[in-house]
Amino acid sequence: MTTVWATMTEIIFHYTGLSPTAFFTIVALMVVTYEVICGMFVSPHDFVPIKTQPPLHLGDITEEDLWAYNGSDSQKPLLMAIKGHIYDVSTSKMFYGPGGSYAMFAGRDASRALAQLSFKPEDINGNLEGLSDAELEILQDWEDKFMEKYARVGQLVPKKTLTENKVGENGCRIEEVPKATKTDMLRESTSVEESGIQKDIHL
């Protein structure tokens, strides 16, 4: 055994100029380095395809509905509106998500704030009245960037009133009839009475 070790020591020193201890230390470091580098790359067998979500399409919604997509619910996409056009900004959560630089714009129409480059809460709305030509040009630049980078998923509409058409649970449109006033009821009662009198006369 001693002879074999001595022979190995001579061979290692002859070909490398290193002592056995230094030689095996270097070999061990090379093996560790190899394992670390290999671990940095994903094997084709370990690859798990990412499930892509179907394209979002909200259609017409109100500002109240849009607020539900402000990032407070991680299960919902992150949305923002410019000039009434709603965009899905979920890919930029670092900016528009909670804690982001523009988080206050999420779930809102931020047209006025973007045009004025303002972060004031009172400016985060879709009111364009009184904006200068320069501010409108800034807003258009923002919209052009959004159109290029994000998917448009809907449109803001005014809040529905009680007299507007509503959609029933079965999907049919329900026409809501305005409630009759006391004056209308009195008129109708008078008309019925007069009609009855006229019938009596003819009889």
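pLDDT is the predictor's confidence in each residue, from 0 to 100. Keep that in mind for every view below, since this is a predicted model.

View 1. Over the chain, the mean pLDDT comes to 76, with 63% of the residues at 70 or more. Now look at residues 174–186: here the pLDDT stays under 50, and the model has eight contacts beyond four places in sequence. Where pLDDT is low, the predicted coordinates should not be read in detail.

**View 2. Strand β3 and its two neighbours.** Start with β2 (residues 79–82), which pairs with β3 in the antiparallel sense through four bridges. If you pick out Met 80, you'll find that its bridge partner in β3 is Tyr 87. Two residues sit between the strands of this hairpin, and Lys 83 takes a positive phi near 55 degrees there. β3 is also joined to strand β4 (residues 151–156), again by four bridges and running antiparallel. In that pairing, His 85 stands opposite Gln 155 of β4.

**View 3. The two faces of β3.** In a regular strand the side chains alternate between the two faces of the sheet. So which residues of β3 lie on each side? His 85 and Tyr 87 are on one side, with Ile 86 and Asp 88 on the other. All four are buried, so both faces of this strand (residues 85–88) are covered, buried being under 20% relative accessible area.

View 4. Strand β1 (residues 59–61) pairs with β4 in the parallel sense, over three bridges. Gly 59 has Gly 154 as its bridge partner in β4. Now find Leu 56, in the loop between α2 (20–39) and β1. Is Leu 56 buried or partly exposed? Its relative accessibility is 29%, so Leu 56 counts as partly exposed. Leaving out residues up to four places away in sequence, Leu 56 touches Pro 77, Leu 79, Asp 88 and Val 153. Leu 56 and Arg 152 are 96 residues apart along the chain, yet their C-alpha atoms are separated by 8.8 Å.

**View 5. Aromatic rings in pairs.** A pair of aromatic rings is described by the distance of the centres and the angle of the planes. The model has 10 aromatic pairs. Take Tyr 96 and Phe 146: the ring centres are 6.0 Å apart and the planes are at 70 degrees, so this pair is edge-to-face. Tyr 96 belongs to helix α4 (residues 93–96) and Phe 146 to helix α6 (residues 133–149), so the pair ties together parts 50 residues apart in sequence. Both Tyr 96 and Phe 146 are buried. For Tyr 102 and Phe 105, the centres are 5.9 Å apart and the planes at 25 degrees, so that pair is stacked. Tyr 102 counts as partly exposed, at 25% relative accessibility, whereas Phe 105 is buried at 2%.

**View 6. Lysines over rings.** Here's a charged residue over an aromatic one: Lys 76 lies over the face of Tyr 69, at 5.5 Å from the ring centre. Lys 145 lies over the face of Trp 142, with 5.8 Å to the ring centre.

View 7. In soluble globular proteins, nonpolar side chains tend to be buried together. The largest nonpolar core here has 17 residues, and the ones touching the most other members are Met 80, Val 89, Tyr 96, Phe 105, Leu 114 and Phe 146. β2, α5 (111–116) and α6 each give two or more residues to this core. Which element gives the most? That's α5, with three residues. Zoom in on Tyr 96, and you'll see contacts beyond four places in sequence with residues including Leu 78, Met 80, Val 89, Ala 103 and Ala 106. A second, separate core has eight residues, among them Ala 81, Ile 86, Val 153 and Leu 156.

Notes. Residues are numbered from 1 along each chain as its sequence is written. This is a predicted model: local features need pLDDT of at least 70, side-chain atom pairs count only at pLDDT 80 or more; totals for chains, interfaces and linings use all residues. Side-chain values use heavy atoms; hydrogens and water are left out. Contact means heavy atoms within 4.5 Å. Buried means under 20% relative accessible area, exposed over 50%, partly exposed in between (1.4 Å probe, protein chains only). Two strands pair if DSSP finds at least two bridges between them. Rings of Phe, Tyr and Trp (its six-membered ring) pair if their centres lie within 6.5 Å; planes under 30 degrees apart count as stacked, over 60 as edge-to-face and the rest as tilted. A charge sits over a ring if NZ of Lys or CZ of Arg is within 6 Å of the ring centre and within 35 degrees of the ring normal. A nonpolar core is a set of buried Ala, Val, Leu, Ile, Met, Phe, Trp, Tyr and Cys residues joined through side-chain atoms within 4.5 Å.
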